[in-house]
Amino acid sequence: MAVLERVEVAAPPRPRRRDRIRWSEALWGYALIAPTGLGLLVFYLWPVLQTAYLSFTETGPFGGPATWTGLNNYRELFSDGEFGRATLNTILYTVLGLLGVPIAVVFAALLSRPGLRGVAVYRTIFFLPVVTTPVAIAMIWRWVYNGDFGILNYLLSLVGIEGPHWVADSRTALIALVIVGIWTGLGYNLVIFIAGVKGIPRQYYEAAEIDGAGPIQQFFRITVPLLSPTIFFVSVVSVIGSLQLFDLVYVIAGGSNTASRANPAFDSMETIVYLFYAQAFQQNDKGYGAAIAMMLLVLIVGLTAVQFRMQKRWVTYD
């Protein structure tokens, strides 16, 4: 005869106890994110608010008290031809710099192919510019682009081509900056794209090979669609970084504000951040410089919003 044993089941926690547990977990969560939130408020939000206030003022010489001038700085900004030229240069640099994204995708696909030898060496070579200081990179490329004794013109002369003065010619100066920017960011983008390619199941490629698809078809039908979320992320980061270009312009154009402005191609290289630097720290016009910074913020937010709006048409999250 079977004996039925009485099994005691623990009673569910009472509502008050559950509420105390939830409050305790919530407090721990807020405590853990508090340092990050405090850092964002102190180092990001507060400077933005200060800059916004400063953009409506005119500061006196030698850091004197600021005087409220309303929209005067913005009126002057929209009638300033130099700001318009710097904005156009920045947007052109940003758009052309996006060419680095498909280049990085192609290299990531090649470096992720099974059986490729020396992958670690290739990755190290590509990543070296990322750990090199921007000033050092700019100085090296300034020598490479030199029109008289630069190595680039020397290589072109070997095939009978006379190279221009790359960073002293308004027709090639911006292109020269774009090449340096793409080369500098290639290693960082490669790390992200290689991680993305590694996350694509190999079964998709094996099935495609069985169906007769070649490497190019696999790239466009499997790699690119499944990598589209990563491509979108890298595109957003690249656009934001390109809009803040300063160090390359400063060093390649001349190495100082006076030497840069003496460069005959400076008008085709000047960016918004460089103009902000010149106005805020060279001309000591903090109010006008703050207005330039706020317009750059609006441009970054606007272009990022456009990218998020358009990503619904081509990014695949399935």
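1. Is Trp314 buried or exposed, or does Trp314 count as partly exposed? At 40% relative accessibility Trp314 is partly exposed, where buried means under 20% relative accessible area, exposed means over 50% and partly exposed lies in between (1.4 Å probe, protein chains only).

2. This is a predicted model, in which local features need pLDDT of at least 70, side-chain atom pairs count only at pLDDT 80 or more, and totals for chains, interfaces and linings use all residues. Residues are numbered from 1 along each chain as its sequence is written, and side-chain values use heavy atoms, with hydrogens and water left out.

3. The structure holds 19 aromatic pairs, a pair being rings of Phe, Tyr and Trp (its six-membered ring) whose centres lie within 6.5 Å, with planes under 30 degrees apart called stacked, over 60 edge-to-face and the rest tilted. One of them joins Phe232 and Trp314 edge-to-face, at 6.4 Å centre to centre and 70 degrees between the planes. This pair links distant parts of the chain, since Phe232 belongs to helix α11 (residues 228-243) and Trp314 to helix α15 (residues 286-314), 82 residues apart. Phe232, at 8% relative accessibility, counts as buried.

4. The ring centres of Phe246 and Tyr274 are 5.7 Å apart and their planes stand at 35 degrees, so the pair is tilted. Phe246 lies in the loop between α11 and α12 (247-253) and Tyr274 in helix α14 (residues 272-282), so the pair ties together parts 28 residues apart in sequence. Tyr274 is buried at 0% relative accessible area, whereas Phe246 is partly exposed at 22%.

5. Phe246 and Tyr274 also belong to one aromatic cluster, together with Tyr250, Phe266, Phe276, Tyr277 and Phe281.

Notes:
Helix = DSSP H or I, 4+ residues; strand = E, 2+ residues; numbered from the N terminus.
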